[in-house]
Every structure is written in C-alpha cells, then in structure tokens.
Amino acid sequence: MATPAHHPTEPTGPTAPGGPTGPTGLTGLTGPTALDAGVLRQAFGAYPTGVVAIGALRDGAPVGFAASSFVSISLEPPMVAISVARTSTTWPRLAGAPVLGLSVLSHGQGALCRKLASRAGDRFGGTPWRATADGAVLIHDAALWLTARVGPVYDGGDHEIVLLELLTAELFPGVEPLVFHTSQFRELTPHA
Ligand SMILES: Cc1cc2nc3c(=O)[nH]c(=O)nc-3n(C[C@H](O)[C@H](O)[C@H](O)COP(=O)(O)O)c2cc1C
C-alpha cells in the first residue's frame, strides 16, 4: 500500500529530504499512538459524517436511534449499511420491524439528534414525525427519507454491520444536512 506523504513513518531528522519534519513539513502532533478507546474515538471523530435517524413503529409507538455509521453500499441492488453497537437495546426492537425509516438529519436538527441518542426520556416527544403504512418512522424536515428492510448482518467487532435493502427514497434537495465531526454538530459551507 502506498504510504501517504504525511505518514509519520517517513524519514525525519537532518537526513530527511525536506528537513526535520519530512518532505511536506507535516507531522502528527504525537507520532503514532497506541490504540485505546479514547484515541480511537478521537480518530473516528476526525472523519466527518452525516447522521441518520432510524425508526419504526413497535406496538404502535415510534422506536429509534441516531446513527452516524450510515454508508452507501450498492446501487444494484440498492443497499446501505450501518454499524450497530452490540450493547444497543433499541436495535433488537428495530431489527424485528418489517420496514425501517431512515431520515438524514438536517442542519438544524443537532438537538434532536442528541435526543434520539439519549438513554432517558421520550426520544420522539415534541418532534414532528410520520409513519408510513408499513410502519417506517420518518422525521419531518429531514434532508432525505429512505425506507429499507433489514438484510444480512456481519461481524464488526463490538458492533454488527447491518446491510439495509432500500425500498423507497424521497429527496429534499434544498435541505442542508447536519454534519457530525469531532463530537460536534456542524453545517456545510461552500468551498471558497
Ligand atoms: C451523533 C451520534 C451518532 C451515533 N451513531 C451510532 C451508530 O452509528 N451506531 C450505534 O450503534 N450507535 C450510535 N449512536 C448511539 C445511539 O444513537 C444510541 O445512543 C445508542 O444506541 C444507545 O441507545 P440504545 O440502548 O437505546 O440503543 C450514535 C449517537 C450519536 C449522538
């Protein structure tokens, strides 16, 4: 595999082609760091994502949680994936639903996202949502709505990698998504 120009294993010091910090002048703050949960959380948080609310009706009430692990997988057949913590108490209830709703949260929905991840309280209270005929729960004012069936599930360490087979999509092109980065909610700004 090619070594990125800023990789810390490049030669450094007086003999390095570009000087003490390597050819590009770029180094990490600490050099390579042993992996522990804190370091990994920071590392994973350096990668910006959107956030998806995943929801379904169970016993007539909305059930759901927020997930930033959403990733597009396949056009044919249409599939996305999420990774779900094995400790999740909500996922086993969602996994039994015939159809799930996925709402890509929009730029003003950071507080809602925290609520959808909270362990206490009514996650959907005070939030406008709708249910489809087959029980998928969708959040109003989102940037995108998808509905999906749960597909194959794969081992992902302390998470499960869940493929979701898409059924429908409803786009809201004018609505800007919420961005999650370094544990903060952010908004997109156009590149200058
Ligand atoms: C921004 C954000 C992203 C999250 N992404 C995921 C995720 O991708 N997978 C996951 O299992 N939990 C994720 N969570 C945590 C869940 O939303 C929820 O807090 C967790 O499932 C615990 O609740 P539960 O026991 O009801 O499942 C995320 C939380 C936040 C705030």
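Strand S5 (residues 100-104) pairs with strand S8 (residues 144-156) in the antiparallel sense over 5 bridges; two strands count as paired if DSSP finds at least two bridges between them. The model is predicted: local features need pLDDT of at least 70 and side-chain atom pairs count only at pLDDT 80 or more, while totals for chains, interfaces and linings use all residues. Residues are numbered from 1 along each chain as its sequence is written, and side-chain values use heavy atoms, leaving out hydrogens and water.

S8 also pairs with strand S9 (residues 159-171), in the antiparallel sense and over 11 bridges. Thr147 can be followed across these pairings: in S8 it is the bridge partner of Gly101, and in S9 its own bridge partner is Thr168. The hairpin of S8 and S9 has 2 residues between the strands, and Gly157 takes a positive phi near 65 degrees there.

The loop between S5 and helix H3 (110-117) holds Ser106. Ser106 counts as buried because its relative accessibility is 6%, the class being under 20%, with exposed over 50% and partly exposed in between (1.4 Å probe, protein chains only). Leaving aside residues up to four places away in sequence, Ser106 touches Asp141, Ala142, Ala143, Val175, Glu176, Pro177 and Leu178, a contact being heavy atoms within 4.5 Å.

The protein chain as a whole has 3 helices and 11 strands, which are DSSP runs (helices H or I, at least four residues; strands E, at least two) numbered from the N terminus. Buried residues make up 32% of its 192 residues. Of the contacts between residues at least 6 apart in sequence, 61% join residues at least 24 apart.
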